[in-house]
Amino acid sequence: MKRIFMLLLLLAALPAFAGAEYWDESGQSASCREGRRGCQVLQMVMMGSFAGLDFQDGLSVRVHAAALTQLREITHEDCAHFLGEFDVDADTLRVNSYIALGNCLLADIMADPGETAHDQQVRRILRLFLAPETEIGGRDQTRLLREKIDDALIADMARTVALPEDFIRYLIASENWRAGA
């Protein structure tokens, strides 16, 4: 609980992405009656705590990379509980969660290139989809890759980074994953 609170304080100082639908002050004052960890992390997602990643700020990168572990631990049961506990549209929660996952995965990739050659290759491909603007011809490269990536490769990438296949599929299919497209 103490770690989540400290993480929330650090993330509150980071800029939020303005295009997503996040809670206003009234939503932020609510809390999970059962104190479920996954529900608390989802509250942070809905507050926009993981929405802004400043590539140039080492602290922002480290905090987001550390938060990826907490996001990975969220279960379907946590999501169902959260949706039952709070008045949030399931699609809004999904999009905000994907934005949070994307920013935290990008930070994790920036902080750790991967152990094996396979890990490094998968992380490089995902970084290209997460931040194509950081590579020369990045958008063109993502268009070419989209044509070649199949379900088997999506499953392999998801296993490699320990994230849901649906998120990887969303990331690869989206021209602008940060906008919920």
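These legends describe close-up views of a predicted model. Local features need pLDDT of at least 70 and side-chain atom pairs pLDDT 80 or more, while totals for chains, interfaces and linings use all residues. Residues are numbered from 1 along each chain as its sequence is written, and side-chain values use heavy atoms, without hydrogens and water.

**View 1. Helix α7 packs against helix α10.** Helix α7 spans residues 117–130 and helix α10 residues 165–173; helices are DSSP runs (H or I, at least four residues) numbered from the N terminus. Their axes lie 9 Å apart, at an angle of about 55°. Axes are lines fitted to C-alpha atoms over the stretch in contact, and angles run from 0 to 180 degrees between N-to-C directions. The two helices are therefore oblique to each other (angles under 35 degrees count as roughly parallel, over 145 as roughly antiparallel, 65 to 115 as roughly perpendicular and the rest as oblique).

**View 2. Phe82 and Phe86 form a tilted aromatic pair.** It is one of three aromatic pairs in the structure. The centres are 4.8 Å apart, with 40° between the planes. Rings of Phe, Tyr and Trp (its six-membered ring) pair if their centres lie within 6.5 Å; planes under 30 degrees apart count as stacked, over 60 as edge-to-face and the rest as tilted. Phe82 and Phe86 are both buried (under 20% relative accessible area, 1.4 Å probe, protein chains only; exposed is over 50%, partly exposed in between).

**View 3. Tyr98 and Tyr170 pair their rings.** Their centres are 4.7 Å apart and their planes at 50°, so this pair is tilted. The pair links distant parts of the chain: Tyr98 in helix α6 (residues 90–111) and Tyr170 in helix α10, 72 residues apart. Both tyrosines, Tyr98 and Tyr170, are buried. With Phe167, Tyr98 and Tyr170 form one aromatic cluster.
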